[in-house]
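Hello,

Here is the structure we talked about, handed over for you to look through. My notes on what turned up follow below it.

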Amino acid sequence: MASSSSTHMIPSSSSFSSSTFDSHSRWSWDVFLSFRGKDTRGSFTDHLYWALNRCNIKTFRDDEGLRKGEEIAPELLQAIEESRLAVIVFSKNYADSKWCLDELVKIINCKEEREHKVIPIFYHVDPSEVRNQREIY
């Protein structure tokens with residue numbers, strides 16, 4: 001069993017590369033990154049974002065400047081809807097954020113209603129904590 005201080009990625013049944021994404025599709029974004037900024041901005045999520053962009057994978061991540069007020073910004077909800085897939089970086093404080101949880105609800109709704117793809121990444125969190133909603137989840 002992996003320790004809770006490691007990063008776990010769920011393998012996908014298909015490989016994603018720049019050739020996977022059709023630039024003439026109905027999607028504005030290839031990937032929507034959902035993450036808790038204080039946990040992974042400036043580290044893991046930034047590295048992931050830049051790596052995806054280097055592969056010509058158009059990736060949306062929230063800008064701290066978008067956060068005004070208590071409700072999730074309409075721009076974020078629209079970006080989720082217009083993204084081919086979502087990558088959710090579950091980290092220690094992800095579930096403490098109302099914004100992250102609102103994003104997660106929207107992502108799951110898009111998965112169920114629009115058949116969006118979702119890839120979870122467990123960053124310093126054991127996947128069983130999320131799956132069984134225990135400890136910090």
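What share of the 137 residues of the protein counts as buried? The figure is 42%, where buried means under 20% relative accessible area, exposed means over 50%, and partly exposed is in between (1.4 Å probe, protein chains only).

Two things to know before reading on. This is a predicted model, so local features need pLDDT of at least 70 and side-chain atom pairs count only at pLDDT 80 or more, while totals for chains, interfaces and linings use all residues. Residues are numbered from 1 along each chain as its sequence is written, and side-chain values use heavy atoms, with hydrogens and water left out.

The overall layout

The protein has 5 helices and 5 strands. Starting at the N terminus, the order of elements is β-β-α-α-β-α-β-α-β-α. Helices (H or I, at least four residues) and strands (E, at least two) are DSSP runs, numbered from the N terminus. Among the contacts in the protein with a separation of 6 or more, 79% join residues 24 or more positions apart; contact means heavy atoms within 4.5 Å.

Two helices side by side

Helix α3 (residues 74–81) and helix α4 (residues 98–114) have axes that come within 9 Å and cross at roughly 30°. The axes are lines fitted to C-alpha atoms, for helices over the stretch in contact, and angles run from 0 to 180 degrees between N-to-C directions. α3 and α4 are therefore roughly parallel to each other; angles under 35 degrees count as roughly parallel, over 145 as roughly antiparallel, 65 to 115 as roughly perpendicular and the rest as oblique. Their crossing is right-handed, meaning that the near helix is turned clockwise from the far one by less than a right angle.

From α3, the contact uses L76, L77, I80 and E81, and from α4 it uses W99, E103, K106, I107, C110 and R114. Sorted by class, this contact has 6 nonpolar, no polar and 4 charged residues. Here Ala, Val, Leu, Ile, Met, Phe, Trp, Tyr, Cys and Pro count as nonpolar, Asp, Glu, Lys and Arg as charged, and the others, Gly among them, as polar.

Two residues of this contact are worth a click. L76, in helix α3, is buried, with a relative accessible area of 0%. L76 and D62 are 14 residues apart in sequence, and their C-alpha atoms are 7.1 Å apart in space. K106 belongs to helix α4 and, leaving aside its neighbours within four places in sequence, is in contact with L77, I80 and E81. Between K106 and L77 there are 7.0 Å from C-alpha to C-alpha, at 29 residues apart in sequence.

Aromatic rings and buried positions

Searching the whole structure gives 6 aromatic pairs. Rings of Phe, Tyr and Trp (its six-membered ring) pair if their centres lie within 6.5 Å; planes under 30 degrees apart count as stacked, over 60 as edge-to-face and the rest as tilted. F32 and F60 make a stacked pair, with 5.4 Å centre to centre and 10° between the planes. Because F32 lies in strand β2 (residues 29–34) and F60 in strand β3 (residues 59–60), the pair ties together parts that are 28 residues apart in sequence. Both F32 and F60 are buried, and together with W29 they form one aromatic cluster.

F90, in strand β4 (residues 83–90), counts as buried at 8% relative accessibility. The C-alpha atoms of F90 and V125 are separated by 7.0 Å, with the two residues 35 apart along the chain. In helix α2 (residues 44–54), the buried residues include F44, T45, D46, Y49 and L52.

Backbone spots to look at

Most residues other than glycine have a negative phi. Against that background, which residues have a positive phi of about 60° although they are not glycines? E115 is one of them, and H124 is another. E115 sits in the loop between α4 and β5 (117–123) and counts as exposed at 65% relative accessibility. H124 is found in the loop between β5 and α5 (127–131) and is partly exposed, with a relative accessible area of 28%. N56, which follows α2, also has a positive phi, near 60°.

Happy browsing, and do write back with any questions!

Best wishes
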